[in-house]
Amino acid sequence: MGRRPVSPESSITNMLEGMRREGMLTDRSIEFYGEQAKIILKDLQALQLETEPWRLTIEDAQRLLNLWEVKGLAVSTRRGYFSALRTWTGYYGNDDLQKMRVIFPTDSRPTADWLTDEQARRLIALPKSPLEDLIIHCELCLGMRRVEVLRLQESDFNMLGQFVDIHGKGPRGGKPRRMPFHRDTCRILHAWLKERLQLSIGCRNNPPNLLVYRRGQRLCAYQDSGIDLRLKRIAAALGFPFSNHTLRRTFGRLMWLAGVRIETITKMLGHTSSATTLRYIGVDLDDMSAAMREFLL
């Protein structure tokens, strides 16, 4: 059990620090727990309930569950929040919530998340640094995973053939695939290469990684957390949340809505089957309503 800090806010910070010391979760998972705990804390404050995790009761938790249902949150979101609530209270030795038997309803909505067309256009139009432009472009307009963006090298881009060789996920690079350029790829890539060249002046090294930052007289390759932090700042500026995976899912979904064959999208995303792609892009009630309007019988 963790020590009891002086405030609910510091109880979250203390829990995250304990998770990092234990080393059982990735930095992204720990950050996600922190984000969820902060949302839960705000909801507790709005309901004027107990905010110290070691004092939270089953009645408090039930009122939270009712609030999330009234808000119309997706079942998967409510499950995630409740799991985080149990983790937060359990960290401080409060086992009451572990005894709760909560039955969530079946949610017909897909668990996939994506941006709307309008949100995607706002994201593209937002002024960004050349590096941020390239990250967003690779994920939203070329359908890359975060790890695939991190593995990119300048030599992967073929300017003559107008394609990029993408190294898939997995310890050995996974299954490679070749993606044609988007109409903006050359412009965005050239802008970053120009800035990268300036960064490299006077450096003692020049790693092959396309995405780098300068530390003293050395260039260092970006890691997951560096990309995540930049996307988080952009999301805050736009006023709606998204992740690396949101952008990749949006790429696939907008391709599908544009009428591209599912088999083609499967190849572009590097999936092994079209069934995976169909689950990935999701089909919601709006999609089904649009299909019904086109039904001829």
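This is a predicted model: local features need pLDDT of at least 70, side-chain atom pairs count only at pLDDT 80 or more; totals for chains, interfaces and linings use all residues.

Me: Okay. How many helices and strands are there in the protein chain?

Reply: The count is 13 helices and 5 strands. The chain has 297 residues, and 42% of them count as buried.

Me: What about the nonpolar core? Which residues have the most contacts inside the largest one?

Reply: That core has 43 residues, and those with the most contacts inside it are L123, V164, L210, L211 and F242. Several elements each supply at least two of its residues, among them α5, β2, α8 and α11. The element that gives the most is α6, with 7 residues.

Me: Can we zoom in on one of those? Which residues does L123 touch, leaving out those up to four places away in sequence?

Reply: L123 touches L115, K128, I136, L140, I234, L238, F242 and L247. There's also a second, separate core, with 29 residues, including L49, W54, L64 and Y91.

Me: Next, helix pairs. What do I look at when two helices pack?

Reply: You describe two packed helices by the angle between their axes and the distance between those axes. Take α6 and α9: the angle is about 95 degrees, and the axes are 11 Å apart. Angles of 65 to 115 degrees count as roughly perpendicular, so α6 and α9 are roughly perpendicular to each other.

Me: Which residues make that contact between α6 and α9?

Reply: From α6 you have L131, E132, I135, I136 and E139, and from α9 I227, R230, L231 and I234. Sorted by class, the α6 and α9 contact has 6 nonpolar residues, 3 charged and no polar ones.

Me: And how do α6 and α10 pack?

Reply: Their angle is about 45 degrees, with the axes 7 Å apart. α6 and α10 are therefore oblique to each other. Here α6 brings I136, E139, L140 and C141, while α10 brings N244, L247, R248, T250 and F251. The classes are 5 nonpolar, 2 polar and 2 charged residues.

Me: How do I tell which side of a helix faces inward? Say, which residues of α12 are buried?

Reply: In α12 (residues 274-281) the buried ones are T277, Y280 and I281. They cover an arc of only 80 degrees around the axis, so they sit on the same side of α12. These buried residues pack against α10 and α11.

Me: Are Q48 and Q162 exposed or partly exposed?

Reply: Exposed means over 50% relative accessible area. Q48 is at 73%, so it is exposed. Q162, at 35%, counts as partly exposed.

Me: And where does E52 lie?

Reply: E52 is in the loop between α2 and α3, and at 22% relative accessibility it counts as partly exposed. The C-alpha atoms of E52 and S11 are separated by 7.9 Å, although these residues are 41 residues apart along the chain.

Technical notes
Residues are numbered from 1 along each chain as its sequence is written. Side-chain values use heavy atoms; hydrogens and water are left out. A nonpolar core is a set of buried Ala, Val, Leu, Ile, Met, Phe, Trp, Tyr and Cys residues joined through side-chain atoms within 4.5 Å. Buried means under 20% relative accessible area, exposed over 50%, partly exposed in between (1.4 Å probe, protein chains only). Helices (H or I, at least four residues) and strands (E, at least two) are DSSP runs, numbered from the N terminus. Contact means heavy atoms within 4.5 Å. Axes are lines fitted to C-alpha atoms, for helices over the stretch in contact, and angles run from 0 to 180 degrees between N-to-C directions. Angles under 35 degrees count as roughly parallel, over 145 as roughly antiparallel, 65 to 115 as roughly perpendicular and the rest as oblique. Ala, Val, Leu, Ile, Met, Phe, Trp, Tyr, Cys and Pro count as nonpolar, Asp, Glu, Lys and Arg as charged, and the others, Gly among them, as polar. The arc is that of the directions from the helix axis to the C-beta atoms.
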